[in-house]
Amino acid sequence: MLRSSIGRYVDFMYLSHGYFFFAPNPGPGHLIECQLHPENTAANQNVFLRSIVKKYFYPDRVEQWPRLLYHRHFMLSEFHHTLFAPTELEDSTTIDARIMSQWREDRRTYESLQESIRDNLATKHPGYRIVLKRIQHDLPSPRLYFVDRWKLTDPRLYGELIEGPAQAPDATQPSKPIDSPEPRAVPIETEVTR
Amino acid sequence: MIGKDFFQSWNMFWFLPRSALTLAWIRISTGSMLAYIHVVWSMRLADFMGAKAFTTKEWVRSLHRQDYTWSYLWFIDSMPFLWAHEVIAIVLAILMAIGLFTRYVIPLIWFMTLMVCHRMTGFLFGLDQIVMMLTTYLMIAQSGEALSVDRALRFRRNASEDTTSQTLVPLPLSPWNTISTRLMQIHLCIIYLFGGLGKMRGETWWDGSAIWLSAVSYEYQSIDFTWIGHAPALMALAAHVTLFWETFYCCLVWPKLTRPWILVIAVGVHAGIGIFLGMITFGWMMIVANFAFIRPETSEQWIATIQRYTRSSR
């Protein structure tokens, strides 16, 4: 009721934001990986995967300076992750129609964001097909960091997040640091040099 | 009788006239930060707001179709217009910082920055929220009455006044300064309360590991403080102090006895965020927001001390 009565005011005045700095838990970082493929790459999936000419990441500390400029790009990559909606829902036959409708809308919003980012990058890289990936940069445990000597930029801490059916993460669950030297489920192929 | 006391206290809390000295410090810092924010937008203006921006104006408009935000930048992506917009915003922000035409400049820079905020959804973070909050409340204050070119010009017009020691001349008192200050204070209390309650939902703030997770968050890290992982007791202490301070800030910042301690912790926490977690702009503006709890009389004493020191050292 309070929201409906003052919602217009707080929305317009840019006061309608929750204040949750590093809450409920500090979590992993989320990056956008931008892959450049030749425009006329064959449709064959394996050929396509091998055709990467170049790839880079947002945010990038070196390319984006000063720090506030870097942070703007970091917020975009986190926002890109926050808006993610999977390509399909698990067991969609039993899901409530309203949830399905919301998911379709969320997926449209996410896809149109990706399209918007790709269009921007296309102006910088004409002649290339651009593919965007969501990358999660996990946080190492003290044991991995101090005992196993993993760096914070160790490739094993980076993993590609799948676009397919996935359960929504529970924000109240603690963000456990990675404590296993096993590689990520979908490790990215090359070292992130940032 | 109780009712009379209550209304008297209420009136004093909200309307007892005060000088604009503390608000002037906040105005200078906020204006400077607004100028910097617009300079940074300008560095990649085409990427941020142009026709082929990361988030196009059509996409942002579509995202906000169900809320009550609006921006003229949802309809304009002409680069000459955007450049003019940002240059004007930078000039206005500098005028705000130096306090020239203050009464007109603050609402204008507030509105232009608000339009940018509604355009730049997805790129914003706490810095934008705090700067906009402070600018909103500065609009109703008379912060141009102190530490400003406006004030210096007024003295110059009046030849009988000594322009070299303007800060020692009593500043005009206004209830608008009090209202503005109270709104900042209360807003800050709400920010911290919800920040604290939000952290309480997470386990890592209870077991202390939140500090480790922050230390190894490479995307945030600006200075390596992973050494803290060798001191679990220190991590637990830092996490618990943060949790307690943030949640109870709204209670403990008001009594004279606890206020200095709460403000000292605020400076420590935000300086830590700024220095170690790469958010120096955000950390600084949070410290500036805490200035709202420094009484104008205290600011005057500090300035007088600085002036005495500088005169004696000449």
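This is a predicted model: local features need pLDDT of at least 70, side-chain atom pairs count only at pLDDT 80 or more; totals for chains, interfaces and linings use all residues.
View 1. As for burial, 24% of the 194 residues of chain A count as buried.

**View 2. The order of elements in chain A.** Here you can follow 5 helices and 4 strands. Starting at the N terminus, chain A reads α-β-α-β-α-α-β-α-β.

**View 3. The open sheet of chain A.** Take a look at the 4 strands, which line up as E2-E1-E3-E4 in chain A with antiparallel pairing. At the edges sit strand E2 (54-58) and strand E4 (158-160) of chain A, each of which pairs on one side only. On average, and with direction ignored, neighbouring strands of this sheet are turned by 35° against each other.

**View 4. Where E1(A) meets E2(A).** How many bridges join strand E1 (residues 29-38) of chain A to E2(A)? There are 5, and the two strands run antiparallel. One pair to look for is Leu36(A) with its bridge partner in E2(A), Lys54(A).

**View 5. Helix H3 over the sheet.** Helix H3 (residues 67-82) of chain A lies across E1, E2 and strand E3 (128-137) of chain A. Relative to E1(A), helix H3 runs at about 90°.

**View 6. Helix H4 over E1 and E3.** Which strands does helix H4 (residues 97-124) of chain A lie across? They are E1 and E3 of chain A, and helix H4 runs at about 125° to E3(A).

Conventions: Residues are numbered from 1 along each chain as its sequence is written. Chains are lettered from A and ligands numbered from 1 in the order in which they are written. Two strands pair if DSSP finds at least two bridges between them. Axes are lines fitted to C-alpha atoms, for helices over the stretch in contact, and angles run from 0 to 180 degrees between N-to-C directions. Two residues are in contact if their C-beta atoms, placed from the backbone, lie within 7 Å. A residue is buried if 20 or more other C-beta atoms lie within 10 Å of its own, exposed if 12 or fewer, and partly exposed in between; C-beta atoms are placed from the backbone.
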